[in-house]
Amino acid sequence: MKGAMVDSCVLLDVLTDDPDWFAWSSEALAATADRGLLVINPIIYAEVSIGFN
């Protein structure tokens, strides 16, 4: 099974419901997930998770 690494800006677009990029990012994530695994490396996890409890 192939995988794709998810960039922090795409995750943040979805998690923050960004008015300019939410639609594009959520559609890109869904389409990529349909083709294989989504992967988040530890650095991207750290970049995104710092803003959440």
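1. Val-39 is partly exposed, since its relative accessible area is 35% and the partly exposed class lies between buried (under 20%) and exposed (over 50%), judged with a 1.4 Å probe and protein chains only. Val-39 belongs to strand S2, which covers residues 37–39, where strands (E, at least two residues) and helices (H or I, at least four) are DSSP runs numbered from the N terminus.

2. Please keep in mind that this is a predicted model, in which local features need pLDDT of at least 70 and side-chain atom pairs count only at pLDDT 80 or more, while totals for chains, interfaces and linings use all residues. Residues are numbered from 1 along each chain as its sequence is written, and side-chain values use heavy atoms, without hydrogens and water.

3. Together with Met-5 and Leu-37, Val-39 forms a nonpolar surface patch with about 270 Å² of accessible area.

4. One aromatic pair is found in a search of the whole structure. The ring centres of Trp-21 and Trp-24 lie 6.1 Å apart with planes at 90 degrees, so this pair is edge-to-face, a label for planes over 60 degrees apart when the centres lie within 6.5 Å. Trp-21 is partly exposed at 49%, whereas Trp-24 counts as exposed at 51%.

5. Ala-23 sits in helix H2, residues 22–35, and is partly exposed with a relative accessible area of 43%. Its C-alpha atom is separated by 23 Å from that of Ile-50, which is 27 residues apart along the chain.

Notes
Patch = residues over 30% accessible without salt bridge, like charges linked within 9 Å, V, L, I, M, F, W, Y side chains within 5 Å. Areas by Shrake-Rupley, 256 points an atom, 1.4 Å probe, with all protein chains shown as cover. Salt bridge = Lys/Arg side-chain N within 4 Å of Asp/Glu carboxyl O. Phe/Tyr/Trp six-rings, centres within 6.5 Å; stacked < 30°, edge-to-face > 60°.
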